[in-house]
Amino acid sequence: MPKERRTYAIWSYVIYWIISGMCISAYTLGSTLLAYGLNCQQALATIAIGSLCVSPLVIACGWMGERHHIGFTVGSRFTWGMYGAYFPVAIRTFTTIFWDGLQAYWGGQAMAVTLGTVFTSLYHMDSTLAGGVLMTKDLIGMIVYYVFFVAIMVIPPEKLQKPFIASSGMFVSTLIGLLVWGCVNNSGGAGPLWNAPSTPLHGSQGWAMMFGIAGVLGSWGGGTLGQSDWTRYANRPKAPIIAQTIAAPIGIFICGTVGIIVTSCGNGVLGSTIWEPFELLYAIQGHYNNSPRARAGVFFAGAGCVGAQLGISVVLNSVSAGMDLAGLMPRYLNIRRGAYILAALGLAVNPWQYLSNATTFLTVISGFGIFLASFTGIMVADYLVIRKQTLLLGDLYKGDSSSIYWFSKGFNWRPFVAWIPSVGILMPGFIMSVRDGDAWNVWVKLFHLDFFIGVAISFVLMVAVNKVFPPPGLGLGTKYHDDEEDVFATADSGTLDPEAILVTADDYAKKE
């Protein structure tokens with residue numbers, strides 16, 4: 001990443017994690033845990049543990065972006081090989097399609113709610129599509145939402161800080177407004193569900209909580225794996241770490257907590273548990289008989305949700321997937337074109353189908369973790385443990401056997417040995433859960449722990465395989481990208497003496 005494009009300061013990453021953590025996904029995940037049978041206190045504990053687990057993974061995965069200013073697409077080359085890197089990039093792009101479709105669907109619902117306060121005919125529209133699963137007005141909302149999305153994607157990633165501020169500010173205001181509404185209408189309390197007993201499925205509170213923790217990690221798995229796509233924009237060393245350590249878990253926890261309290265309060269006011277925020281806003285407008293005050297409040301709340309969805313789609317999905325698609329077909333695609341293709345595919349996968357109930361929703365997002373967790377463990381093991389953060393940057397851009405990352409015909413077999421077993425052990429439980437939501441056995445329990453098991457197994461296997469069969473070129477390169485040193489010229493000259501170009505951690509500390 002050229003120095004002039006590294007514009008993200010500490011505050012930029014704080015805003016980034018307000019968008020990533022305080023979003024509809026966090027709000028809905030907390031609310032969904034209530035529908036799954038946990039009580040409010042258990043749901044809060046689940047979110048707290050899950051959000052704390054996100055933080056160290058985010059830091060580890062973003063390290064190479066901060067130090068070497070490379071993203072996930074390029075970084076995959078030193079682990080998988082110049083051609084082998086297409087495999088993790090393609091898998092991540094595939095899972096991102098579903099996430100982007102989900103975020104766009106929520107954005108469409110938010111847009112429909114917002115427009116319904118202005119055009120009451122849209123509010124009263126009750127026709128459906130897709131067998132009754134998709135409301136026609138939600139499809140209209142998605143179309144309008146995509147118009148705004150296309151406009152935002154014109155802005156380069158390094159210039160998105162101000163739109164991010166607007167997005168985060170709008171949704172934080174929405175959360176505050178919903179929280180005030182709920183508490184005021186429940187005599188300052190947290191609603192009738194706050195002290196309700198837990199009734200977890202399968203009768204196990206522990207496993208229900210573990211399912212939720214895995215869901216939290218699965219929700220942010222793609223963003224965790226692709227952290228280097230954004231940390232490479234850091235304007236100085238360690239700029240992202242404060243936000244990753246503090247803002248990330250706090251943002252997720254606060255938003256999830258608000259979602260739980262508002263859902264509980266909404267039950268006290270409306271008489272039903274509504275875990276989708278857009279249905280809640282729709283119900284609020286109807287509860288107050290479409291009064292001008294209710295419509296005004298719902299308009300601003302819905303607009304805040306639209307802003308949140310636009311922000312999260314850009315932060316966790318569109319830009320990263322655009323980079324991935326550009327890396328797969330650089331001759332034909334750039335980041336913007338890749339993001340537009342992703343948006344079209346996200347609509348094509350029918351996100352309203354897998355969001356139709358809470359159990360299906362959690363199963364799907366946990367299923368994504370099967371693939372992403374293993375990639376995370378392999379990448380962290382290779383960069384931090386095996387290569388000790390030392391890379392020969394110039395060779396990451398050589399597409400022939402002169403690169404030390406060429407391995408065998410462009411493929412490194414070692415990560416495949418670690419990836420296949422770590423995914424394979426979780427696949428039976430995933431298949432059983434998809435086929436039968438009531439399935440409950442050892443395989444299903446392992447699947448509930450997918451991110452923990454996937455990261456651990458892939459990490460250990462990757463380290464073990466590379467200890468027995470060391471890859472070529474270990475110790476060659478630098479521990480950071482020095483703007484004053486032409487690393488690419490050094491690599492092109494064929495001078496691969498590690499003593500000539502190796503920069504130690506002490507040297508890096510002195511430069512800071």
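**Figure 1. Helix α5 passes helix α14 in a left-handed crossing.** A crossing is left-handed if the near helix is turned anticlockwise from the far one by less than a right angle, and right-handed if clockwise. This is a predicted model, in which local features need pLDDT of at least 70 and side-chain atom pairs count only at pLDDT 80 or more, while totals for chains, interfaces and linings use all residues. Residues are numbered from 1 along each chain as its sequence is written, and side-chain values use heavy atoms, with hydrogens and water left out. Helix α5 covers residues 86–118 and helix α14 residues 292–328. Helices (H or I, at least four residues) are DSSP runs, numbered from the N terminus. The two axes come within 8 Å and cross at roughly 160 degrees. Axes are lines fitted to C-alpha atoms, for helices over the stretch in contact, and angles run from 0 to 180 degrees between N-to-C directions. α5 and α14 are therefore roughly antiparallel. Angles under 35 degrees count as roughly parallel, over 145 as roughly antiparallel, 65 to 115 as roughly perpendicular and the rest as oblique. The residues of the α5–α14 contact divide into 18 nonpolar, 13 polar and four charged. Here Ala, Val, Leu, Ile, Met, Phe, Trp, Tyr, Cys and Pro count as nonpolar, Asp, Glu, Lys and Arg as charged, and the others, Gly among them, as polar.

**Figure 2. Helix α14 meets helix α15 in a right-handed crossing.** Helix α15 spans residues 335–348. The axes of α14 and α15 come within 7 Å and cross at roughly 110 degrees. The two helices are therefore roughly perpendicular. Ile 335 belongs to α15. With a relative accessibility of 22%, Ile 335 is partly exposed (buried means under 20% relative accessible area, exposed over 50%, partly exposed in between; 1.4 Å probe, protein chains only).

**Figure 3. Helices α3 and α9 are oblique to each other.** α9 runs over residues 205–219. The α3 and α9 axes lie 8 Å apart, at an angle of about 40 degrees. Their crossing is right-handed.

**Figure 4. Tyr 8 and Tyr 233 form a tilted aromatic pair.** Rings of Phe, Tyr and Trp (its six-membered ring) pair if their centres lie within 6.5 Å; planes under 30 degrees apart count as stacked, over 60 as edge-to-face and the rest as tilted. By this rule there are 25 aromatic pairs. For Tyr 8 and Tyr 233, the centres are 5.7 Å apart and the planes 40 degrees apart. Tyr 8 sits in the segment before α1 (10–21), and Tyr 233 in the loop between α11 (228–231) and α12 (241–270), so the pair ties together parts that are 225 residues apart in sequence. Tyr 8 is buried, at 0% relative accessibility. Tyr 233 is also buried, at 0%. One aromatic cluster is formed by Tyr 8, Tyr 13, Tyr 16, Trp 17, Phe 164, Trp 230 and Tyr 233.

**Figure 5. Lys 238 and Ala 239 lie in the loop between α11 and α12.** Lys 238 has a positive phi, near 70 degrees, and is not a glycine. Its relative accessible area of 40% makes Lys 238 partly exposed. Ala 239 is buried, at 0% relative accessibility. Ala 239 and Ile 10 are 229 residues apart in sequence, yet 4.8 Å apart in space, C-alpha to C-alpha.

**Figure 6. Asp 229 is a buried residue of helix α11.** The relative accessible area of Asp 229 is 0%. Thr 73 is 156 residues from Asp 229 in sequence, and the C-alpha atoms of the two are 8.2 Å apart.

**Figure 7. His 69 has a positive phi without being a glycine.** The phi value of His 69 is about 60 degrees. His 69 is in the loop between α3 (40–68) and α4 (72–80). With a relative accessible area of 9%, His 69 is buried.

**Figure 8. Lys 137 lies over the face of Tyr 123.** The distance from the ring centre is 5.7 Å. A charge sits over a ring if NZ of Lys or CZ of Arg is within 6 Å of the ring centre and within 35 degrees of the ring normal.
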